Amino acid sequence: MSEDVLLETRGPVGLVTLNRPKALNALSLEMCRALHPRLDAWAGDPSVKAVVIRGAGGKAFCSGGDVRAVAGSLGRPEAEGEGPLSREFFLAEYALNHRIHHFPKPFIALVDGICMGGGLGLSVHGAFRAVTERLVLAMPETGIGLFPDVGGGWFLPRFPGETGTYLGLTGARCDAADAVWLGYATHRVESSRLEEVLDALVAADWSGPGHHVAAHVLAGFIAEPGTSALEARAGDIARCFRGDRVEDLLAALEREGSPWAEETRATLLRMSPTSLKVTLRQLREGRGRDYDTMARVEYRLSQALTARPDFREGIRAVLVDKDQKPRWSPATLADVTDAEVEACFAPRPGDELVLPARG
């Protein structure tokens, strides 16, 4: 079992601790493969009433999937009996997210510090998300040549107004007050009280309905979330991000003309043009689709976009050389054809995401 994820049972609570603090608890293939079967076991164990997941180290809950490892594996020989990491990782991550999304017992994420990308996949699909004053929440994938995965096509369109479109395209960061307003956070708690929260869950009387018990315990630790800057900006976001073409969003921001609009427009123009077009279509399709359907679509996107040059270039510019100067290909929105975008969404015969039925 991977030492990067610690799995234990404390009385009626299954406890998951993401344990890669030097990597900000980035989620690896090995961690997915260690965690998933334990969740299956806890789901079927009548003595386990709830599952709690947290991050070690005090800086991050989970900074995302280990995309640097995925990018570094491209073009290298595969391990015996394994497919390419770009395939194996996303298959395992989506299967794990699906397990959490359909988990039959209270699944409680204690989200302290950085939570980005794959960190949302480990939290948003559960029943409860208690965030702290140290929360930094974002989906920054368009800046590395990807798209907001782990169900972003499902949960981002369900945020108020067009805020999900804004967050998915720009990678803008949110704090705890924003997270509560968005509906991502179910509770706001103090970081200093997280151990108390865990102890209270372990000591609770679980004889009643599990989700009611968990909600009652968490309610005893609620702190005032503060004022959401994102909520205050919601009207501007709605005006500028309602279009169905990225070019229309840029034009709306230009018309808006405010310092926020100019900064946001500049941010979009730094992102991968292909990622922007793919992401906007993903978010629009996700408005009317359930999570399982979008997970299958997103797996296709993961395979299409990790195979494109923008992914390796984005990882180089943001995570390796850190020069923040990616050279995208194609370089402009005008150069990204409708056919290229369509190809990213096309079915992949022999390589589709197969999800088990969950009751």
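Which residues does G121 touch, not counting residues up to four places away in sequence? The analysis rests on a predicted model, in which local features need pLDDT of at least 70 and side-chain atom pairs count only at pLDDT 80 or more, whereas totals for chains, interfaces and linings use all residues. Residues are numbered from 1 along each chain as its sequence is written, and side-chain values use heavy atoms, with hydrogens and water left out.

G121 lies in helix 4 (residues 118-121), where helices (H or I, at least four residues) and strands (E, at least two) are DSSP runs numbered from the N terminus. With residues up to four places away in sequence set aside, G121 touches N97, I100 and V150, contact being defined as heavy atoms within 4.5 Å. Because its relative accessibility is 0%, G121 counts as buried; the term denotes under 20% relative accessible area, with exposed meaning over 50% and partly exposed in between (1.4 Å probe, protein chains only). From C-alpha to C-alpha, G121 and L182 are 16 Å apart in space and 61 residues apart in sequence.

An open sheet of three strands shows the order 4-6-8 with parallel pairing, two strands being paired if DSSP finds at least two bridges between them. Strand 4 (60-62) and strand 8 (136-138) form the edges, each pairing on one side only, and the twist from one strand to the next averages 15 degrees. Strand 6 (residues 114-116) runs parallel to strand 8 and is joined to it by three bridges; M116 has A138 in strand 8 as its bridge partner.

Helix 6 (residues 163-170) packs with helix 13 (residues 259-270) at an angle of about 50 degrees, the axes lying 9 Å apart. Helix 6 is therefore oblique to helix 13, given that angles under 35 degrees count as roughly parallel, over 145 as roughly antiparallel, 65 to 115 as roughly perpendicular and the rest as oblique. Axes are lines fitted to C-alpha atoms, for helices over the stretch in contact, and angles run from 0 to 180 degrees between N-to-C directions. At this contact, Y166, L169 and T170 of helix 6 meet W260, T264, T267 and L268 of helix 13.

In helix 17 (residues 338-345), the buried residues are V341, C344 and F345. Viewed down the axis of helix 17, these residues fall within an arc of 100 degrees and so line one face of the helix, the arc being that of the directions from the helix axis to the C-beta atoms. The buried residues of helix 17 pack against helix 14 (273-286) and helix 15 (291-306), while the face turned away from the buried side carries the exposed residues A339 and A343.
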